[in-house]
Each structure stands twice: as structure tokens, then as C-alpha cells.
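Please look over the sequence and the structure before reading on.

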Amino acid sequence: MLGVLSLQSCVSNYVVSNPIEYKTDAKLASINQYKLAEAKKEIANSTDPQAVAVIKLDKTQVQNAISDILKRENTIDDILKEAYTYIGTPYRYGGTTRSGIDCSAFVLSVFGENGVDLPRVAAAQAKEGESISKQDLKKGDLVFFSHRGRGRISHVGIVEEVTPEGDVKFIHSATSKGVMISSLEDNYWGPRFTYAKRIITD
């Protein structure tokens, strides 16, 4: 059922050109109401056999399922909101504070602030969650990179946006500029992308 509902669906020169938009609680509530209406419309108009089965379920069950999806999105919004507050924080190997932080500590911190526990290092974080193909990436997913080849994970970032054109942007702590936003289309990061994981699932 959840699968049907989800149809609603450390070096770089990339520079952030768009200002960060912080959503108020009132705006988030309005967005959630819109998402709820869109999810209901998606189910009602679908010819997928599973969607038809969903329509036959008790209204409360459908409402609860949609609520679970919205909770996931709200959690991810909160994680990204926390991540944005780190932009400009300098990179420091082994660092874990706003005075200086490395890539895995950054991910650990912003997820941890929202009640999601992760291991300390990128290679261990890469073993968590559900494997996701590049084409199916959503905001909140983790993207992993290998600098040394042979698939050995050495860097991690958090997907913060997937544009309509399919460009995946991620926020991370890079050795050159600290916490920043980069793109998987970047000439440096693109070839080093290894795989992705979804930590918060529907």
C-alpha cells in the first residue's frame, strides 16, 4: 500500500546560487495539506491493481498510511533544515562540531538531531538503510563516494534536491569549502559517486 502512495511522488567548485528558503510551521502545514490532497487524487485516478485495493481499504487505514508518508517527509524536511544551518562550517578531518566538521560527522549530527542514529564513519553509514538507484533518489537519501577506487567509501552527502531535469544536488562537508551544496553532475563528484542508501523509508 505504501509503495502505491509513494507514487506522489570532499572537494568541489560548485557554488550555491539560489538562496535557501526556510519554511515556517504554517507554510509546512499548508504544504502537507496539499500533499494529502494530491495523494488522495493519485489513488483515486490510478488503474494500478494495488491502488484499486487501497481504495477498498478502510478510510482510517488509508489516512494512516498517508500520514506515515507525510511524517517521513516532515522528518526529512527537518533534517535538511538542520543541515542548512551548517552551511559555511569549515571542514576538519575528525571534527564533530560547528568549529570544524568532517563529512560523516555532519551526516551523523543532522540525522541525530532528528532522532535517527547512524554510525560515525562514512563506510559504516554506507551499510545502513535501503539501496537506491541513482534514478530513484529523493531528498534525504545518502549518497556515497569513493576517492581511492575499488569501491572503498570515503565520502558521504545528503540529497537536498532532485530537480525536474534529474540533477541531484547534495549537501556535504567538503575539504575545500566546508559544508556546501554540490551536484552529481559536477565533473569531480559525478565520476566518484558509488551508490546511495535510503535511511528513512515509508
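The model is predicted. Its chain contains seven helices and eight strands. Of its 202 residues, 44% count as buried. The accessible surface of the chain amounts to about 10,700 Å², and carbon and sulfur atoms account for 50% of that surface.

Across the whole structure, a search finds seven aromatic pairs. One of them joins Phe144 and Tyr195. This pair links distant parts of the chain, since Phe144 belongs to strand β4 (residues 142-145) and Tyr195 to strand β8 (residues 193-198), 51 residues apart. Phe144 counts as buried, at 0% relative accessibility, whereas Tyr195 is partly exposed, with a relative accessible area of 30%.

Another pair is formed by Phe145 and Phe170. Here strand β4, which holds Phe145, is linked to strand β6 (residues 168-174), which holds Phe170; the two residues are 25 residues apart. Phe145 is buried because its relative accessible area is 0%, a value under the 20% limit. Phe170 is likewise buried, at 0%. The geometry of the two pairs is set out below.

| Pair | Centre to centre | Angle between planes | Class |
|---|---|---|---|
| Phe144 and Tyr195 | 5.9 Å | 40° | tilted |
| Phe145 and Phe170 | 5.1 Å | 35° | tilted |

Ring pairs also connect Phe145, Phe170, Tyr188, Trp189 and Phe193 into a cluster. Over the ring of Tyr188 sits the charged end of Arg192, 3.9 Å from the ring centre. Arg98 lies over the face of Tyr86, at 3.8 Å from the centre of that ring.

Definitions and conventions:
Residues numbered from 1 in each chain as written. Predicted model: local features only at pLDDT ≥ 70, side-chain atom pairs only at ≥ 80, totals over all residues. Heavy atoms only, no water. Helix = DSSP H or I, 4+ residues; strand = E, 2+ residues; numbered from the N terminus. Buried < 20%, exposed > 50% of the residue type's maximum accessible area, 1.4 Å probe, protein only. Areas by Shrake-Rupley, 256 points an atom, 1.4 Å probe, with all protein chains shown as cover. Phe/Tyr/Trp six-rings, centres within 6.5 Å; stacked < 30°, edge-to-face > 60°. Lys NZ or Arg CZ within 6 Å of the ring centre and 35° of its normal.
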